[in-house]
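Dear colleague,

Please find below the structure that I am handing over to you. My findings follow it.

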Amino acid sequence: MLGCGVVGQGVLRTIATRRESLARRLGAPIEVRRVVARDPDKERGEHAPRELLSFDPETVLGDPEIDVVVEVMGGLDPAGAHVVRAIEAGKSVVTANKFLLAERGSELFELAEARGVDLAFEAAVCGGIPVIRVLREALVSDNVVALRGIVNGTSNYILSRMYDEKIDFSVALRGAQDAGYAEADPTLDVNGGDALHKLTILASLAFGTRVLPSQIHQEGIEHVAAIDMQMAARFGYVIKLLAIARALPNGALDLRVHPALVPDDSVIASISGALNAIYIEGESLGPLMISGYGAGSMPTAMSVVSDIVDVGRNLMMGSRGRVTHRSLAAREVRDPGHHVGRYYLRFTVMDRPGVLARIAGVLGAFDVSIEQMIQEGRASADGEPVHVVMLTHACKDANVRSALREIHMLSGISEPARAIRVEEG
Ligand SMILES: NC(=O)c1ccc[n+]([C@@H]2O[C@H](COP(=O)([O-])OP(=O)(O)OC[C@H]3O[C@@H](n4cnc5c(N)ncnc54)[C@H](OP(=O)(O)O)[C@@H]3O)[C@@H](O)[C@H]2O)c1
């Protein structure tokens with residue numbers, strides 16, 4: 001095993017505490033030969049004895065007795081080079097590394113196929129939720145038309161606290177860090193980057209195509225304010241960070257990660273805290289939803305060890321590559337500017353006569369028509385700006401962006417407007 005942190009220690013615990021049952025089910029015991037880490041002074045718990053630890057990856061990669069390499073180091077380098085080296089040495093690999101697969105998946109799957117070894121990655125997307133197996137095996141005979149999910153527990157935890165406690169993003173983020181849900185550097189969780197890596201993998205499996213991270217539209221939750229949560233609630237919505245992949249009638253894919261207003265009585269709105277959920281729509285199956293913990297030591301370790309069992313079975317049966325992820329031709333991806341849908345718009349304006357009429361005029365000029373509007377109170381005597389929020393009818397994304405750019409130039413507008421898409425049901 002390469003890495004012995006949050007996930008790695010969970011893997012060791014799972015293998016140690018379920019030794020008998022795993023051996024019975026697999027038909028052979030799982031023996032951990034070597035665990036590679038970086039820092040010799042770190043305490044790693046009772047299941048990582050000193051004699052198992054090494055600080056040289058070669059002790060794993062260069063050992064011909066080792067059949068399976070578990071990569072739980074994370075990051076692109078040196079994890080990527082180690083995975084390549086393991087595959088080239090004829091070892092099957094189990095990885096939890098979504099970043100590596102999103103960036104170099106095609107190359108690694110091709111290499112694994114050419115070398116006749118397994119590259120298993122259930123834990124890389126939504127930790128303990130077995131969504132990779134569902135897409136790769138159970139739904140391989142269906143035609144997936146849409147996939148929508150809450151795939152980042154940290155951002156979901158932050159948004160849930162903002163909603164429940166009416167607190168602002170920065171306060172909720174600090175709470176997530178204190179509770180151990182957010183990393184010291186939470187950038188990829190809150191800017192949508194982590195969800196984007198997961199969607200890259202999910203969409204490529206769901207649609208049997210090659211998807212690159214650069215093809216996915218990305219927005220994070222950093223600009224969602226407490227006021228947006230409250231106003232969305234008044235319209236009957238909750239704000240969630242969604243990862244969305246849809247097949248359009250012309251064959252192109254619609255791929256997006258962004259905060260969205262979802263109806264407050266929808267199932268996806270009820271997924272709160274650190275939970276994840278993925279809703280899949282198959283042409284034959286219809287709707288399917290799976291939910292559970294998408295991160296954490298033991299849920300993620302459970303997926304890693306299930307992959308070890310799968311890979312172990314293949315090794316014993318001489319059937320490696322049974323459920324390979326074939327890399328396929330790319331598909332056209334729609335320009336996000338062509339998205340058509342409803343929008344939540346928030347303007348922060350000086351409470352002066354004519355400002356609202358000018359905003360409405362610009363929106364109208366870009367074919368953005370207003371369905372509902374709330375103006376929050378009146379300004380206080382010291383000239384504080386006020387919020388005006390609107391729900392639009394369906395309109396084109398590019399038009400909304402152009403209108404907002406023009407509105408920003410008007411006098412009486414005190415902050416850039418906020419636009420959040422509405423996703424129905
Ligand atoms: N945490 C989760 O809930 C979760 C969920 C799903 C997927 N994942 C994925 O699982 C992977 C591991 O995550 P984690 O949370 O377990 O990370 P972590 O706690 O930071 O552990 C990383 C481990 O890798 C070791 N390591 C890092 N760079 C190394 C290097 N150059 N040489 C040798 N060892 C090195 C570290 O060694 P030291 O201990 O000596 O520093 C540490 O033991 C990542 O790809 C992550 O995206 C995590």
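How many salt bridges does the rule find across the interface of domain 2 and domain 3? The rule finds three, where a salt bridge is a side-chain nitrogen of Lys or Arg within 4 Å of a carboxyl oxygen of Asp or Glu. A salt bridge also joins the side chains of Glu 219 and Arg 421, at 2.9 Å from N to O.

Please note that this is a predicted model, in which local features need pLDDT of at least 70 and side-chain atom pairs count only at pLDDT 80 or more, while totals for chains, interfaces and linings use all residues. Residues are numbered from 1 along each chain as its sequence is written, and side-chain values use heavy atoms, with hydrogens and water left out.

Domains and their interface

The chain is divided into domain 1 (6–128 + 297–317), domain 2 (132–293) and domain 3 (337–422); these bounds come from an automatic or database domain assignment. Taken over C-alpha atoms, the centres of domain 2 and domain 3 are 25 Å apart. Their contact (heavy atoms within 4.5 Å) takes 19 residues from domain 2 and 16 residues from domain 3.

Between them, domain 2 and domain 3 bury about 1500 Å², of which 65% lies on carbon and sulfur atoms. Buried area here is the accessible area (1.4 Å probe) that two parts lose on being put together, summed over both. Of the area that domain 2 buries against domain 3, Met 231, Phe 235 and Leu 261 supply 39%, more than any other three residues.

The strands β3 to β5

β3, β4 and β5 form, in that order, an open sheet of three strands with parallel pairing. Its edge strands, each pairing on one side only, are β3 (68–71) and β5 (119–120). Strands are DSSP runs of E, at least two residues long, and helices are runs of H or I, at least four, numbered from the N terminus; two strands pair if DSSP finds at least two bridges between them. Four parallel bridges link β3 to β4 (residues 92–95), and Glu 71 has Thr 95 in β4 as its bridge partner.

Backbone points

Most residues other than glycine have a negative phi, and most peptide bonds are trans. The peptide bond from Asp 77 to Pro 78 is cis, with omega near 5 degrees; Pro 78 lies in the loop between β3 and α4 (79–88). Lys 166, although not a glycine, has a positive phi of about 55 degrees, and is placed in the loop between α7 (153–165) and α8 (169–178).

With kind regards
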